[in-house]
Amino acid sequence: MFNVLITASSCNDEIKGILESQFADKCNFIYRSNEAVEDIIDDVDIIIGGLPIKSLSRAKNLKWVQMTWAGTDIYTRVEGFPEGVLLTNASGAFGKEISEYVIGTILARYIRLDKYLDNQKKSLWKGMGAERNLDRKRVLIFGTGDIGTNIAKRLKSFGTVNIGVKRVVDRPLEYFDDLYTLDNIDELLPKADIVIGCLPNTDYTQGLLDYRRLSMMKKGSTLVNVGRGTLIVTEDLIRLLHEGHFADVILDVTDVEPLPQTSPLWNMSNVLVTPHISGQGLSKATEKAIWEICIENIRRYITGESLKNLVDIKAGY
């Protein structure tokens, strides 16, 4: 019998019923918040959700942590994740939701929706100039996993040319017109109308878009980041915004979070800042996808099969 600690707040009564009906003969499920685990942590075999590193270090029998989100840097970018413990994430559950955020925010900026909302408050019937459209725009997407692929899929319906950047290029990918590795980004950035970051926080991605590379982007281009804030050197981005380099910058992630209230990014008219919410709305469909991954992995663990979404701690994803 496996002791399974579930800390994920999205585990509602319906999910609990499914877990109990499918695995009650193999698993003892314990439902607790992160703050209420001290009395049982020694006996836990599996965690669904997550705990701080300090708590994990006290889980003497822990064998596997199944995260209910995609980013793993809370474990892979710090010291102390227990050696020999398996780590899996919920990659594959968030792509549709985050891609809608990306498409929606780009279109809002392209049609100057913020300006028209301001005009509406003033009862002002006034055109704001020629709007832009996505047709034939060249889009450079950093990251071709679940999120990047869903973004590329939806952009294709607007007629974009999608260029993907990934660690290793070994085969074509649907919805991408071409693929390159990180070694090619200096030649790709000057050709892109839109650059979208969907990368995890790793040694290879931290500070990848610094002043030199950001300044390579077309003047008047659009920059979007929905991966991790560490991809972009914030001070360098602010400098280029002051220089008038970008038409639009859309940031759902920043380095650091929360974005300090003193940051100039809050008050720049061509910058949209949202508080890391593109994948946290957790629609019913997203919640369903997360728990489908968790339930399938519990089944696999019990039967001794390979787990889905196994994370390489050293690689960071």
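**Entry 1: the seven-strand sheet**

I began with the sheet and found 7 strands in an open arrangement, in the order S8-S7-S6-S9-S10-S11-S12, with parallel pairing. I noted the edges next: strand S8 (178-180) and strand S12 (271-273) each have a single partner strand, so one side of each is left without a neighbour in the sheet. From one strand to the next, I read an average twist of 15°. I keep in mind that this is a predicted model.

A reminder to myself: strands of a sheet pair through backbone hydrogen bonds, either parallel or antiparallel.

**Entry 2: strand S9 and its partners**

Which strands flank S9 in the sheet order? I read S6 on one side and S10 on the other.

I took the S6 side to start. Strand S6 (residues 138-142) pairs with S9 in the parallel sense, over 4 bridges. Within that pairing, I looked up Val-139 and found Ile-194 of S9 as its bridge partner.

Then I turned to the S10 side. Strand S9 (residues 194-197) and strand S10 (residues 221-225) run parallel and are joined by 4 bridges. Here Ile-196 stands opposite Val-224 of S10.

Next I checked where the S9 side chains go. In a regular strand the side chains alternate between the two faces of the sheet. In S9, Ile-194 and Ile-196 point one way, while Val-195 and Gly-197 point the other way. I marked all of these residues as buried.

**Entry 3: strand S1**

I moved to the start of the chain. How many of the 5 residues of strand S1 are buried? I count 4 for this strand (residues 2-6), so S1 is largely enclosed by the rest of the structure. The cut-off I used for buried is under 20% relative accessible area.

S1 has parallel pairing with strand S2 (residues 27-31), through 5 bridges. I picked out Asn-3, and its bridge partner in S2 is Asn-28. S1 also runs parallel to strand S3 (residues 46-48), with 3 bridges between them. In that pairing, I found Ile-6 opposite Ile-48 of S3.

Together with helix H1 (residues 13-23), the two strands make a right-handed β-α-β unit.

**Entry 4: a cavity and a pocket**

The structure holds 1 cavity of 30 Å³ or more. I put the volume of the largest cavity at about 50 Å³. Which residues line the largest cavity? I listed Asn-225, Gly-229, Ile-232, Thr-234, Leu-237, Leu-251, Val-253, Thr-254, Asp-255 and Leu-265. By class, I sorted this lining into 5 nonpolar, 4 polar and 1 charged residues.

I went on to the second largest pocket, which has about 260 Å³ of space. I found 14 residues in its lining, with Tyr-75, Val-78, Phe-81, Ile-313 and Lys-314 nearest the centre. This lining divides into 6 nonpolar, 3 polar and 5 charged residues.

Most residues other than glycine have a negative phi, and most peptide bonds are trans. I went looking for exceptions.

Asp-255, already noted in the cavity lining, is joined to Val-256 by a cis peptide bond, with omega near 15°. Val-256 sits in the loop between strand S11 (246-251) and S12. I found another cis bond from Glu-257 to Pro-258, with omega near -5°. Pro-258 is likewise in the loop between S11 and S12.

Arg-112 is not a glycine, yet its phi is positive, near 60°. I placed Arg-112 in the loop between helix H4 (95-110) and helix H5 (113-121). Its relative accessible area is 31%, so I logged Arg-112 as partly exposed.

Tyr-175 also has a positive phi, about 80°, without being a glycine. I found Tyr-175 in the loop between strand S7 (161-165) and S8. At 25% relative accessibility, Tyr-175 counts as partly exposed.

**Entry 5: Thr-72**

Is Thr-72 buried or exposed? Its relative accessibility is 4%, so I logged Thr-72 as buried. Thr-72 lies in the loop between strand S4 (64-66) and helix H3 (73-76). Last, I took the separation of Thr-72 from Ala-247: 175 residues in sequence and 32 Å in space, C-alpha to C-alpha.

Definitions and conventions
Residues numbered from 1 in each chain as written. Predicted model: local features only at pLDDT ≥ 70, side-chain atom pairs only at ≥ 80, totals over all residues. Heavy atoms only, no water. Buried < 20%, exposed > 50% of the residue type's maximum accessible area, 1.4 Å probe, protein only. Pairing = 2+ DSSP bridges. Right-handed = clockwise from strand over helix to strand, strands pointing away. 1 Å grid on protein atoms, 1.4 Å probe; cavity = no way out; pocket = protein on both sides within 12 Å on 5 of 7 lines; lining within 4 Å. Points joined across faces, edges and corners; volume = space filled by probe spheres on them. Nonpolar A, V, L, I, M, F, W, Y, C, P; charged D, E, K, R; others polar. Axes fitted to C-alpha atoms, helices over the stretch in contact; angles between N-to-C directions.
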